[in-house]
Amino acid sequence: MRLIQILVSDEKRDAVTAALESENVDYVISRNESDAGGWIVEFPLPTDAVGTIRDTLEQAGFPEDGYTVLGNAETATTPHSEELQDRFASDFDPLTRPELKSKAQDMSRDPTSFVAMIFFSAIIATAGLLVGSPAVVVGSMVIAPIVGPVLTTGVGGVTGDEKMFRESIWLQGLGVVVAVGGAFLFAWLLRAGGFVPAELDIASIQPIALRISPSVFSVVVGLASGAAAAFGLTTKGPTSLIGVMIAAALIPTAATTGIALVWEYNVIAFGTLFLLVATLIAINVAVFVTLWALGYQRVQWRAFLSGDTRRKTVALGLTAVLLIAVIGVTAVGTGQQITFQRSVNQAAHDVVDSDQYDRASIVSVGVEYIGVKPFSAPENVTVSISHPQGTEYPELANDLKAAIAEETGENVTVHVQFQTYQTSSTGNVTNGTDDDQPSSVAARPTASTTQGSWLKLPFHPP
């Protein structure tokens, strides 16, 4: 239950009370003895009825930004309380616009604590990535507050609160810089102190290898995470962002960028940074669209993009230009990366599915970040192949390279990593001999080699 108090002027009193009576809402009214004058109208409501009654009051002339206090009530007994509870029991009634802004602001942090939490979570993520510990990496995501400014950005944009929108955008940018910088500093100290080998092949660490470039999956996860966060924010209960933080995996991606810069894996650094920005943009877009679809839009774009003062106008203009530039470059780069990955996958499967390689199967296809054309081009594609022991495919790398070039028009270097396995003989084994009858087949990996567009053992990404 909610207990609501509103301050109504003398001229609006009759219209407001008539509106409440039309909805069978029981209220009490008393004279406001302060200098503001008017009348204090107090009434209890079921939680899911708040939005409907607020709309009714607005139609009666009570402004949305009028004096309103919403509090929680354990229970309320009035002549029509049970009727109202039955009426709104099964209704989905999201938070009102003022409640939404208040809830979003409650979830935000002051800049000092925000930066501190981002920094510490980046340290934890860096340690988890370098030791290959998924549990530690997940722990870094749980404590990171980066999703908070994402929600306040969406709320500020949809409701027309330009101050909330502008400050949240810059706070997101600050969080990215602090996360990457903190990871870089910690990784550099570990390498300089000899705690981690200077020649470490970071591309071989599985949690890092998973984050080398944006993909269609990262975009979908970002969109779904943002929509879930926005929808959860509009509900009456508490909102937990832990699941969103884990799903989006923003801090580990930022930490991977810092680690790659320390070990001078520039391709991985740019790829993970683009993955980070692309995911962040996807979450922001999903939050904004979800809140807009739920009916929270109240944006007067001309007023939103023009400030009251010269300084505010400049700040809004710089924010808008920066957003357009970042979103544009990231969208183009991510689209090109996804298209290239899809084409490479198709070409690789066409080759391996042919009769020449009928006993081989693709385990995975890895594509390094290709950058934004025409300023860069793809360089390396790594294909992991599983095949029975005793089979050899000396020309597979060259065949894959030719197929990828035909499919994409790009001349890439192809590295093939072979994973061999043994298959048990058919028939039942008795005293060390095999029967002629077929039996079950089992397979297990026995060795792994790497073949480039020429034979190359072992493989170390540039």
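Let me start with Ile202, which, once its neighbours within four places in sequence are left aside, is in contact (heavy atoms within 4.5 Å) with Ile208, Ile259, Ala260, Trp263, Tyr265 and Ile268. Please keep in mind that this is a predicted model, in which local features need pLDDT of at least 70 and side-chain atom pairs count only at pLDDT 80 or more, while totals for chains, interfaces and linings use all residues. Residues are numbered from 1 along each chain as its sequence is written, and side-chain values use heavy atoms, with hydrogens and water left out.

Ile202 also belongs to the largest nonpolar core, which has 53 residues and in which Ile202, Ile259, Trp263 and Leu291 touch the most other members. By nonpolar core I mean a set of buried Ala, Val, Leu, Ile, Met, Phe, Trp, Tyr and Cys residues joined through side-chain atoms within 4.5 Å, where buried is under 20% relative accessible area with a 1.4 Å probe and protein chains only. The elements giving two or more residues to this core include α8 (162-192), α12 (250-262) and α13 (266-293), these being DSSP runs of H or I, at least four residues, numbered from the N terminus. The largest share, nine residues, comes from α8. A second, separate core of 22 residues includes Tyr357, Ile385, Val412 and Val414.

Turning to the strands (DSSP runs of E, at least two residues), four of them form an open sheet in the order β2-β3-β1-β4 with antiparallel pairing, and pairing here requires at least two bridges found by DSSP between two strands. The edge strands, β2 (28-31) and β4 (68-72), each pair on one side only. Strand β1 (residues 2-8) pairs with β4 in the antiparallel sense over five bridges, and Ile4 stands opposite Leu70 in β4.

How values were computed: Buried means under 20% relative accessible area, exposed over 50%, partly exposed in between (1.4 Å probe, protein chains only).
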